[in-house]
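Welcome! Have a look at the sequence and the model below, and then read on for a short tour.

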Amino acid sequence: MTAAKAEVLGQMTASGLVYVITSDTCKTSDGKDAKGWLLSYSYNSIGMATRSCYQKYNDNIWIWEFSGREYVFPATNFKLVKS
């Protein structure tokens, strides 16, 4: 698998994790585009990362992890990252 660099749009900290949203299209585990979803990921204090997908909906960021867990955060919780 090839590592890619996504443009980071914003990040926030919650429950001991840093959640990051990007501008890249999210891909399913079989490599296909997850239509309507963008790439997000989270990492913990020791640097372990978990890939996920997100959508912005009604001023909320809805994060869907491949484990099946879903989270909703106010979009205002994400600090914008200037590239």
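This report starts with the sheet and then turns to a pair of serines.

Please keep in mind that this is a predicted model. Its seven strands form an open sheet, with antiparallel pairing and the order S6-S5-S4-S3-S2-S1-S7. The edges are strand S6 (70-74) and strand S7 (79-80), each of which pairs on one side only. Elsewhere in the sheet, strand S1 (residues 8-14) and strand S2 (residues 17-27) are joined in the antiparallel sense over six bridges. In this part of the sheet, Met-12 stands opposite Tyr-19 in S2.

Now to the two serines. Ser-40 sits in strand S3 (residues 33-43), while Ser-52 belongs to strand S4 (residues 49-57). Are they buried or exposed? Ser-40 counts as buried because its relative accessibility is 0%, and buried means under 20%. Ser-52 is buried too, with a relative accessible area of 2%.

| From | To | Distance |
|---|---|---|
| Ser-40 side chain | Ser-52 side chain | 2.7 Å |
| Ser-40 side chain | Cys-53 backbone nitrogen | 3.4 Å |

What else surrounds these serines? Leaving aside residues up to four places away in sequence, Ser-40 touches several residues, among them Val-20, Ile-21, Thr-50, Tyr-54 and Ile-63.

Definitions and conventions
Residues numbered from 1 in each chain as written. Predicted model: local features only at pLDDT ≥ 70, side-chain atom pairs only at ≥ 80, totals over all residues. Heavy atoms only, no water. Helix = DSSP H or I, 4+ residues; strand = E, 2+ residues; numbered from the N terminus. Buried < 20%, exposed > 50% of the residue type's maximum accessible area, 1.4 Å probe, protein only. Polar contact = N/O pair within 3.5 Å; in protein donor to acceptor, adjacent residues only side chain to side chain. Contact = heavy atoms within 4.5 Å. Pairing = 2+ DSSP bridges.
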